[in-house]
Amino acid sequence: MKRFFSAGLLLCSSLGLSGCWDRTEINDVAFVVGSGVDKEKGMYRSTVQIALPGNLGGAGSEGGGGGTGDSKTYYLESKTGTTLRDSRQEVQAGNSRKISFAHRRTLLLGEELAKSGIESVFDQFGRVPENRLSSSVAVTEGPAYKILDADAPMELFPSEMIHEQMNLSTKRPVTLKYLAIRLLSDGIDIALPYISLRETVPEDLEDKEKKNIQITGLALFKEDKLVGVLKGQGAQAINLAMNQATAPELLVPSPSGKSLISIRFTENLVTLKPVIRGNNITMHMNILAKGTVIENNSNDSLVGEGSIRQLEQHATKEIVKQIQSAMRLLQNRYHSDVLGFGQTIHQKKPAAWEHFKDRWEEIYPTVKVVIHAKLHVANIGEVNKPFGKKDKELKHE
């Protein structure tokens with residue numbers, strides 16, 4: 001009887017183990033890998049890039065990368081609404097599966113939205129736990145939805161391509177969490193990667209209409225509004241000054257000054273030190289970098305300490321010139337403190353910041369920037385002399 005009683009208790013207790021009553025089947029979920037937000041005529045446009053698992057490879061696939069046969073690996077849905085949440089609800093209404101943002105890798109902000117201000121769209125990102133705060137954030141040239149539907153031949157999704165490009169070009173890609181902290185911090189403005197579409201081949205080829213995604217500059221903000229875009233050398237210089245450059249490359253004059261040499265700086269560090277005398281502020285920017293020669297188009301041999309020293313001097317002069325030129329734009333045209341001069345004063349001289357913080361907008365353009373650069377060429381590559389040139393053509397130290 002005791003054995004029967006024990007067996008009965010076990011059977012009764014198993015009634016409570018009826019499975020996951022609140023489970024969600026994977027076939028009922030639409031996983032968003034990237035999203036975009038735009039503003040159109042006072043309305044918000046939400047665009048989501050949803051992964052299509054059936055088109056991600058397997059039997060019958062024609063290879064990896066961005067395509068499997070003629071089928072896209074993602075589905076794009078884009079709707080408008082009076083608020084961002086309203087536009088998201090419109091997107092959900094057009095889908096048969098519950099949309100999940102837990103795996104989103106990239107959030108793109110359209111240029112028009114960025115100009116009008118991005119502060120208002122961040123409430124739901126922090127309010128809803130499902131939103132992934134580690135998503136990378138960037139600004140797009142034109143509408144964000146066009147970038148999300150662009151060609152991405154190297155990756156499965158355009159959003160993934162943008163995410164990988166940001167990891168390659170910056171030490172610490174800007175995430176939703178980092179962006180929110182910047183918006184709430186005093187004495188520092190936001191700088192985000194600027195994404196554009198660029199032709200992949202010359203116009204005279206058959207595929208001339210194909211365009212690829214590319215980081216073409218640095219989007220500058222004043223508070224939460226986009227105020228300008230730096231491109232080319234200016235963007236590279238400020239990226240380095242912000243301690244964000246991974247391996248910047250610099251074209252500098254050869255020791256003789258008659259041709260160009262390309263140097264890649266594999267290690268770089270920038271520190272700021274404010275010096276304050278009354279109402280006069282001088283920001284000392286100290287740059288330490290170590291690089292390698294990766295191309296020598298000159299007839300100059302780089303063998304010998306004298307040649308290397310001259311090359312380092314030319315590199316130092318060039319990087320100082322580029323940063324000074326970019327700083328004039330930041331201070332005088334855009335009034336955007338993306339390097340965080342104000343935050344540096346706040347951290348290192350808090351009493352002085354209390355004196356300046358209410359007038360920082362008018363004081364920032366007057367801050368004098370002094371750059372101290374120490375660039376060391378540690379390696380001239382696998383060959384000592386310009387490869388392929390006879391010794392009689394070369395100019396030695």
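Leaving aside neighbours within four places in sequence, Met43 is in contact with Asp38, Thr80, Gly81 and Thr82, where contact means heavy atoms within 4.5 Å. Met43 belongs to strand β2; strands (E, at least two residues) and helices (H or I, at least four) are DSSP runs, numbered from the N terminus. With a relative accessible area of 30%, Met43 is partly exposed. The scale behind that word takes buried as under 20% relative accessible area, exposed as over 50%, and partly exposed as in between, with a 1.4 Å probe and protein chains only. The C-alpha atom of Met43 is separated by 8.5 Å from that of Leu84, 41 residues apart along the chain.

The model described here is predicted: local features need pLDDT of at least 70, side-chain atom pairs count only at pLDDT 80 or more, and totals for chains, interfaces and linings use all residues. Residues are numbered from 1 along each chain as its sequence is written, and side-chain values use heavy atoms, with hydrogens and water left out.

His103 is partly exposed, at a relative accessible area of 45%. Beyond its neighbours within four places in sequence, its contacts are Phe31, Val32, Val33 and Arg132. Between the C-alpha atoms of His103 and Ser135, 32 residues apart along the chain, the separation is 8.6 Å.

For the chain as a whole, there are twelve helices and 13 strands. Of the 397 residues in the protein chain, 44% are buried. Among contacts between residues at least 6 apart in sequence, 70% join residues at least 24 apart. The protein chain exposes about 21,700 Å², of which carbon and sulfur atoms supply 51%; accessible areas come from the Shrake-Rupley method with a 1.4 Å probe, and for residues only the protein chains shown count as cover.

The structure holds twelve salt bridges, each being a side-chain nitrogen of Lys or Arg within 4 Å of a carboxyl oxygen of Asp or Glu. One of them joins Arg45 to Glu40, with the closest N and O atoms 2.7 Å apart. Arg45 is buried at a relative accessible area of 17%, whereas Glu40 is partly exposed at 27%.

In another salt bridge, Lys72 pairs with Asp149, the closest N and O atoms being 2.8 Å apart. This pair links distant parts of the chain, 77 residues apart: Lys72 lies in the loop between β2 (43–51) and β3 (74–81), and Asp149 in the loop between α5 (144–148) and α6 (158–169). Lys72 is partly exposed at 44% relative accessibility, and Asp149 is partly exposed at 37%.

Glu77 and Lys79 also meet in a salt bridge, at 2.9 Å from N to O. Glu77 is buried at 7% relative accessibility, while Lys79 is partly exposed at 28%. Elsewhere, salt bridges that share partners join Arg105, Glu160 and Glu164 into one network.

Finally, Glu119, Glu223, Glu361 and Glu362 gather in a patch of negative charge on the surface. Patches are made of residues with over 30% relative accessible area and no salt bridge, like charges being joined within 9 Å and nonpolar side chains (Val, Leu, Ile, Met, Phe, Trp, Tyr) within 5 Å. Lys and Arg count as positive and Asp and Glu as negative, with His and the chain ends not counted. Glu119 lies in the loop between α3 (111–116) and α4 (123–127) and is exposed, with a relative accessible area of 53%.

Terms used:
Charge placed at Lys NZ, Arg CZ, Asp CG, Glu CD.
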